[in-house]
Amino acid sequence: MKTKHYNVFVIGSGIAGQTAAKACVASGLTVAISDKREFGGTCSTRGCDPKKIVIQFADLAQHSNQLKGFGIKKSPKINWKAVQKFKTSFTKPVPSSTESDLKDLGIDLYHQSPKFISKNEITVEGKTISADKFVIATGYVARPLEFEGSDLLKTSDDILNLKKIPKSAIFIGSGYVGMEFCYMLSTLGCDVTMIEVSDTALTQFDSFLVEKLIKVLENNGVKFMFNTKPTAVKKLKKNLKLTYEKDGKSKTIKARKIFNTAGRVPAVEKLNLENAGIKADASGVLVNDFMQSTSHEEVYACGDVSSKSLPLTPLSGLQGYIAGHNIINGNSKEFENPLVPSIVFTKPQLASVGYSEEEAKSRYKNVIVYKGDTSDWFNAKKEHAEAYAYKILVNERTQKIVGAHLLSTHANETINTLAMAINAGMTIREFKKQIFTYPSYTNDLKSMLKDDD
């Protein structure tokens, strides 16, 4: 069979792959794109977007619970089937509309994960295809857990598609996904246990705020088991039984569902990268600042799967743009890791931007740490919130804000204000001169910076 040739072959149809493909075809190059799953990528079909849709109903229930007795007589009953139908109204159109858009641009589509067979050839859908350039944008997949019965574990995909809220659930792993969904299920009536091999949750976030969030979730009914290692899962008649080791002893716990939320890893295992001499490690495909493979100059990688990226959607689009630009124009545009806020969509939300306290103190000679529990401030008290706290870091010499960490109902929005302040190089004095709406969580930010000058 004759080998089909393209100027550019893109692997992965998420925001990174789409952005690179569209840039290349707009410049007159012949382009194809493939995906082993539905077109559109993780964020819009089985990640950020649908997650936020379903979690908002837990937020509604939680907010009502907080105000019970203060005007709320009874918390609303959530119709989970209706929630799923609403969510699906957003996710169902994505694959077909994505395919239609790409086809209209003249991009060929393949519905399978390719395998490299040489430096410039792949096989996909039973066809051999060659290309001048390849773009790898395959994103992340759930980290595999290797113990007896691990095939019985469910993933975040399964959580988003639950037909009903289970009576009980165990989460293995307390990162973003685990914490967000354990909050959601516990709020909606599920008996939740969080299993974590380390001694705390959300290790990439500020420990002062994480401890407060854990306390809120415990009050919500979540049972945390730290320094606990899962060793086996067995299917029973109605439940699953998890065997684990803690304090040198082996014990068991049962639940209707057990979810693997132990993190995500670059999706490269099935690509046979070694056949093309493409190097990758635990961080992803190894790339330089041009998003070009360090071991194969005709290959670019962008988005979560690249070694230069954090698993954040805004970076995926940026890297896809840079990869496409450099394929078209030669390596003339470098990726510079921008300041990107990150958020955990629990209630309260946990947000972070800039340096952690440890990073700031290692970078600057003297750091001012503004830190406090503000659960007795008006905005928290008016909604009877359990937790409201902050930590803001300032370089003492320049008086500029260099890091911010928030735990509040609206942290996903207010963290953006602090991100802008850091990007603008604002000092405490300059920030406190800003006029914000009152009373608002944004206005509270000025009070968190207790500089009286």
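Begin with the hairpin that S5 and S6 form, with two residues between the strands, and pick out Glu125 in the turn, which has a positive phi of about 55 degrees. This is a predicted model, in which local features need pLDDT of at least 70 and side-chain atom pairs count only at pLDDT 80 or more, while totals for chains, interfaces and linings use all residues. Residues are numbered from 1 along each chain as its sequence is written, and side-chain values use heavy atoms, with hydrogens and water left out. Helices (H or I, at least four residues) and strands (E, at least two) are DSSP runs, numbered from the N terminus, and two strands are taken to pair if DSSP finds at least two bridges between them.

Staying here, select residues 127-136 to show strand S6, which runs antiparallel to S5 and is joined to S5 by four bridges; Thr128 in S6 stands opposite Thr123.

Next, select the open sheet of three strands in the order S11-S12-S13, where the pairing is antiparallel. Its edge strands are S11 (229-235) and S13 (249-255), each of which pairs on one side only, and the twist averages 25 degrees from one strand to the next. Between S11 and strand S12 (residues 240-246) there are six bridges in the antiparallel sense; to inspect one of the positions, display Ala232, whose bridge partner in S12 is Thr243.

Move on to helix H3 (residues 48-66) and helix H7 (residues 176-187), whose axes come within 9 Å and cross at roughly 45 degrees. Axes here are lines fitted to C-alpha atoms, for helices over the stretch in contact, and angles run from 0 to 180 degrees between N-to-C directions. H3 is therefore oblique to H7, given that angles under 35 degrees count as roughly parallel, over 145 as roughly antiparallel, 65 to 115 as roughly perpendicular and the rest as oblique. The contact (heavy atoms within 4.5 Å) includes Val54, Ile55 and Ala58 of H3, and Phe181 and Met184 of H7.

For another helix pair, select H4 (residues 80-91) and H5 (residues 93-104), which pack at an angle of about 5 degrees with their axes 5 Å apart; H4 and H5 are therefore roughly parallel to each other. Show the side chains of Thr88, Ser89, Phe90 and Thr91 in H4, which meet Pro93, Val94 and Pro95 in H5.

Finish at Glu383, in the loop between helix H11 (378-381) and strand S22 (389-395). Is Glu383 buried or exposed? Glu383 is buried, with a relative accessible area of 5%. Not counting residues up to four places away in sequence, Glu383 touches His63, Gln66, Leu67, Thr409 and Tyr441. If you draw a distance between the C-alpha atoms of Glu383 and His63, the separation is 7.4 Å, although these residues are 320 residues apart along the chain.

Terms used
Buried means under 20% relative accessible area, exposed over 50%, partly exposed in between (1.4 Å probe, protein chains only).
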